[in-house]
Amino acid sequence: MTEAPPLHLDEYRAAFAGWLDGHDALVSRQRDFFSLELADVATVQQQFQGELFAGGWVRCGWPEELGGLGGDARHRAALYDELGRRRIPIPESYLTVETLIPMLSVHAPELARAHLTDLLRGAERWCQGFSEPDAGSDLASLRTKAVRDGDDWIVDGHKIWTSQATVSHRCVVLLRTGTPESRHRGLSMMLVDHDTPGVEVREIRTMSGRDELGEVLFDGVRVGGDRLIGNEGDGWALAMYLLQWERGMYPWQRQAGLLGTLDALLERDGDGIDPHALADAYLSVLPMRLSAAHTIRRLAAGETPGPEVSVDKVLLARAELVVFDLVDSVLGGAIELDDDQHAQEWRHDYLFSRSAPIYGGSYEIQRQILADRVLGMPRG
């Protein structure tokens with residue numbers, strides 16, 4: 001039986017770095033693999049997730065009662081930081097885990113206990129069904145509804161722009177159980193299996209060519225009452241709770257990846273990069289690193305950050321744009337004109353960076369939240 005990793009944070013990081021050093025073939029496969037088919041990416045990343053789980057690394061940072069090994073969010077952050085530093089892609093499903101499981105552990109611990117280990121080892125993948133064709137950032141106007149039928153619920157509606165939908169087994173769905181007039185007070189949250197009759201998933205290919213997103217349609221889908229997360233009408237509060245984890249941990253994951261991207265540029269053409277543009281790129285990432293680290297420390301301490309976590313999203317959007325503007329200038333047209341694997345990979349990452357001001361709450365809305373609710377500035 002594999003010995004559990006040390007929980008002292010510095011020892012954990014050092015031990016994990018040593019483990020990666022001893023798994024060159026596994027690491028190289030993760031670093032070198034690229035495909036425009038999300039199913040292929042998921043398969044390769046699942047192998048890596050299985051090894052990370054077997055070694056205990058991704059179980060650190062999660063409570064023992066959920067199947068973890070103890071520790072807190074700082075252990076998960078240390079793992080992501082080490083992967084990013086080595087330019088090893090962080091398995092994409094771990095963002096969903098980081099967003100949803102902390103919320104489930106508080107409001108539906110039986111679901112967290114039942115599924116966390118499968119999520120960590122890559123045997124399951126989940127997606128998050130929030131946005132709709134007519135309700136993107138304005139979640140209070142969403143129309144997907146659930147109606148009681150005995151102990152069950154019948155779900156009808158349409159979600160869109162759902163990340164990882166085509167390779168996911170289940171979806172955490174924000175839906176309406178109250179009247180349309182109830183707005184945010186009439187929302188609830190449920191876990192819905194994709195293989196339930198009446199669920200249809202359609203791929204959406206992005207400009208890069210990858211089926212990164214999907215539509216999830218619900219037509220008379222019967223969902224058991226035990227899949228209701230929290231209580232009826234808790235949906236808005238649950239969404240706000242999980243967003244603080246998304247705001248903190250995803251920017252942390254991305255800063256690690258962006259610093260790795262800058263290191264790769266220096267290795268490729270360090271002497272040919274405009275030093276002022278390079279400095280601007282690093283200075284766009286480092287504030288995001290500091291802000292996200294502060295948020296993660298607060299979450300690990302059991303605090304509940306408020307609207308100030310929108311700072312993390314604003315910094316993320318700027319860093320993505322600045323870093324990949326630099327990438328585009330250094331590659332000298334390869335993103336636009338070449339079509340080998342490296343060009344496809346750079347093009348995918350560049351195009352994804354262009355969406356940073358939109359996904360997960362638009363840049364403008366996050367700035368408005370900070371102006372209104374943090375700085376107390378007058379409206380208009």
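1. Cys-171 is buried, at a relative accessible area of 0%; buried denotes under 20% relative accessible area, exposed over 50%, and partly exposed the range in between, computed with a 1.4 Å probe on protein chains only. Cys-127 likewise counts as buried, at 0% relative accessibility. The model is a predicted one, in which local features need pLDDT of at least 70 and side-chain atom pairs count only at pLDDT 80 or more, while totals for chains, interfaces and linings use all residues. Residues are numbered from 1 along each chain as its sequence is written, and side-chain values use heavy atoms, with hydrogens and water left out.

2. A disulfide is taken as a pair of cysteine sulfur atoms within 2.5 Å. By this rule the count is zero disulfides. Cys-127 takes part in no disulfide, the nearest cysteine sulfur being that of Cys-171 at 3.6 Å. For Cys-171, which is also in no disulfide, the nearest cysteine sulfur is that of Cys-127, 3.6 Å away.

3. The next points concern helix packing. Helices (H or I, at least four residues) and strands (E, at least two) are DSSP runs numbered from the N terminus. Axes are lines fitted to C-alpha atoms, for helices over the stretch in contact, and angles between N-to-C directions run from 0 to 180 degrees. Angles under 35 degrees count as roughly parallel, over 145 as roughly antiparallel, 65 to 115 as roughly perpendicular, and the rest as oblique.

4. Helix α4 (residues 73-85) and helix α7 (residues 235-269) have axes that come within 7 Å and cross at roughly 25°. The two helices are therefore roughly parallel to each other. Their crossing is right-handed, meaning that the near helix is turned clockwise from the far one by less than a right angle. On the α4 side the contact is made by Ala-73, Arg-76, Ala-77, Tyr-80, Asp-81, Gly-84 and Arg-85; the α7 side contributes Trp-245, Met-249, Trp-252, Gln-253, Gln-255, Ala-256, Gly-257, Gly-260 and Asp-263. Contact here means heavy atoms within 4.5 Å. By class, the residues of this contact comprise seven nonpolar, five polar and four charged, where Ala, Val, Leu, Ile, Met, Phe, Trp, Tyr, Cys and Pro count as nonpolar, Asp, Glu, Lys and Arg as charged, and the others, Gly among them, as polar.

5. Helix α4 also meets α8: the axes come within 8 Å and cross at roughly 150°. This makes α4 roughly antiparallel to α8. The contact involves Ala-73, Arg-74, Ala-77 and Asp-81 of α4, together with Arg-289, Ile-296 and Ala-300 of α8. The contact of α4 with α8 has four nonpolar, no polar and three charged residues.

6. Two residues in helices may be inspected individually. Thr-295 belongs to helix α8 (residues 275-300) and is buried, with 6% relative accessible area. Setting aside neighbours within four places in sequence, Thr-295 contacts Gln-244, Gly-248, Pro-305, Val-309 and Asp-312. Glu-320 lies in helix α9 (residues 310-331) and is buried at a relative accessible area of 1%. With the neighbours within four places in sequence left aside, the contacts of Glu-320 are Arg-254, Leu-258, Ser-353, Arg-354, Ala-356 and Tyr-359.

7. Asp-151 occupies the loop between β2 (145-149) and β3 (152-163) and counts as exposed, at 68% relative accessibility. Asp-151 and Asp-226 are separated by 75 residues in sequence and by 8.7 Å in space, C-alpha to C-alpha. Apart from neighbours within four places in sequence, Asp-151 is in contact with Gly-224 and Gly-225.

8. Asp-152 is found in strand β3 and is partly exposed, with a relative accessible area of 22%. Asp-152 and Arg-222 are 70 residues apart along the chain, and their C-alpha atoms are separated by 6.6 Å. Beyond neighbours within four places in sequence, Asp-152 contacts Val-147, Arg-222, Val-223, Gly-224 and Gly-225.

9. Arg-87, a residue other than glycine, has a positive phi near 60°; Arg-87 is placed in the loop between α4 and α5 (93-107) and is partly exposed at 31% relative accessibility. Gln-164 is not a glycine, yet its phi is positive, at about 65°. Gln-164 sits in the loop between β3 and β4 (170-176) and counts as buried, at 6% relative accessibility.
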